[in-house]
Amino acid sequence: MRGVPQYVTRRGKQTVVVLAAQDFEALQRSAAGQTAKPTSFIEHLLAIPKTHAAATTPRLNLQPRDVDLS
């Protein structure tokens, strides 16, 4: 009721935050206005920004070492 969030701890770690109802509603409105998160792994991969970093990053010219498989 003091207007600031109150933290509840369990075994010394913060686990729950108690806040005013209007603050909670504002957070919900804010979260609802954000873009929808990808619902599948494929959509997540497709949502990754496309950059040209891969084309400009030089690759190391490494040779595999000889391994005796006998």
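The protein has an accessible surface of about 7500 Å², and carbon and sulfur atoms account for 58% of that area; accessible areas are from the Shrake-Rupley method with a 1.4 Å probe, and for residues only the protein chains shown count as cover. The model is predicted, so that local features need pLDDT of at least 70 and side-chain atom pairs count only at pLDDT 80 or more, while totals for chains, interfaces and linings use all residues. Residues are numbered from 1 along each chain as its sequence is written, and side-chain values use heavy atoms, with hydrogens and water left out.

Three helices and two strands make up the secondary structure, in the order β-β-α-α-α from the N terminus. Helices (H or I, at least four residues) and strands (E, at least two) are DSSP runs, numbered from the N terminus. Of the 70 residues in the protein, 0% are buried, where buried means under 20% relative accessible area, exposed over 50%, and partly exposed in between.

Strands β1 (residues 6-10) and β2 (residues 13-18) run antiparallel and are joined by five bridges; strands pair if DSSP finds at least two bridges between them. Arg-10 has Lys-13 in β2 as its bridge partner. Two residues separate the strands of this hairpin, and Arg-11 in the turn has a positive phi of about 55 degrees.

Val-8 lies in β1 and counts as partly exposed because its relative accessibility is 38%. Together with Val-16 and Val-18, Val-8 makes a nonpolar surface patch of about 220 Å². Patch residues have over 30% relative accessible area and no salt bridge, with nonpolar side chains joined within 5 Å and like charges within 9 Å; a salt bridge is a side-chain nitrogen of Lys or Arg within 4 Å of a carboxyl oxygen of Asp or Glu.

Notes: Buried means under 20% relative accessible area, exposed over 50%, partly exposed in between (1.4 Å probe, protein chains only).
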